[in-house]
Amino acid sequence: MNEPSSRLFFALWPDEVTRAKLDQIATALHASWGGRRMQSDTLHMTLAFLGETPLSRLDALRELAATISVEAFTLRLDRPGCWQHNHVGWLGLSATQPALAQLVADLRQAMTANQFAFDDKRFMPHVTLLRNAQCGPPPSCQPVIWHANDFVLLASRRQQPGYDVLGTWPLSAPPDIPKPA
Ligand code: 2AM
């Protein structure tokens, strides 16, 4: 018999305010590019995609996630884009965010050390907002500022759209910025 498994990935999961702002950008992109909007309650930024993973390994995955120690960071999502090859409309970053890159690198390293397979394509931070988009020039959009304080492990639901949150891990508090005298 096949071992029970789920389609898993680590992600940043927005708070309600950020989610609503991302959804507004989806409205603007949809007006330009059409296609199918992602449901607002599923919006996320994938950090590392594992795919089908045996549920017997879930505890090991949760344990490695708990070892990650990266400071909380802020993302400025200011770059709308559309991929011709898969018709995905998305919002990303025009400047790299070193703490985000560190979080992804540390997750990849911990997964490799624990013999988890994952998609190791170059990380391209983005939030998918549209599928089946007819890509054209991007509309101008207000940047979305996203304070990332934690990351999650998500499982894709099998029968309906949506994800289940299987775990949440806090990012560490950034050091206090000294106030000017
Ligand atoms: P996408 O939104 O750009 O398609 C769940 O499928 C999430 O994992 C989606 O956000 C998807 O990205 C992302 N993902 C990353 N790599 C993937 C892969 N190889 N196959 C499917 N989804 C992948």
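The largest pocket of this predicted model has a volume of about 950 Å³. A pocket here is an open set of points on a 1 Å grid over the protein atoms alone, where a 1.4 Å probe fits and protein lies on both sides within 12 Å along at least five of seven lines. Its volume is the space filled by probe spheres set on the points, which are joined across faces, edges and corners. The lining, meaning residues with an atom within 4 Å of a point, counts 34 residues, and nearest the pocket's centre are His-44, Thr-46, His-126, Thr-128 and Arg-131.

Strands are DSSP runs (E, at least two residues) numbered from the N terminus. Sorted by class, the lining holds 14 nonpolar, eleven polar and nine charged residues. In this sorting Ala, Val, Leu, Ile, Met, Phe, Trp, Tyr, Cys and Pro are nonpolar, Asp, Glu, Lys and Arg are charged, and the others, Gly among them, are polar.

Around the ligand you will find Arg-7, Phe-9, His-44, Thr-46, Phe-49, Asp-119, His-126, Thr-128, Arg-131 and Tyr-163, where being near means having a heavy atom within 4 Å. This shell has three nonpolar, four polar and three charged residues.

Some of these neighbours make polar contacts, pairs of N or O atoms within 3.5 Å. The side chain of Thr-128 has an N or O atom 2.5 Å from a ligand oxygen, His-44 has one at 2.7 Å from a ligand oxygen, and a polar side-chain atom of Arg-7 is 3.2 Å from an oxygen of the ligand. Of the 470 Å² that the ligand exposes when taken alone, the protein buries 72%, by the Shrake-Rupley method with a 1.4 Å probe. Strand S1 (5-12), strand S3 (45-54) and strand S7 (126-131) each give two or more residues to the shell, and S7 gives the most, three.

Elsewhere, the second largest pocket holds about 200 Å³ of space. Among the residues lining this pocket are Arg-79, Leu-93, Phe-123 and Pro-125, and the lining has seven nonpolar, three polar and one charged residues.

A word on reading the model: residues are numbered from 1 along each chain as its sequence is written, and side-chain values use heavy atoms, leaving out hydrogens and water. Local features need pLDDT of at least 70 and side-chain atom pairs count only at pLDDT 80 or more, while totals for chains, interfaces and linings use all residues.

Conventions: A polar contact is a pair of N or O atoms within 3.5 Å; within protein, one must be able to donate a hydrogen and the other to accept it, and residues adjacent in sequence count only if both atoms are side-chain atoms. Helices (H or I, at least four residues) and strands (E, at least two) are DSSP runs, numbered from the N terminus.
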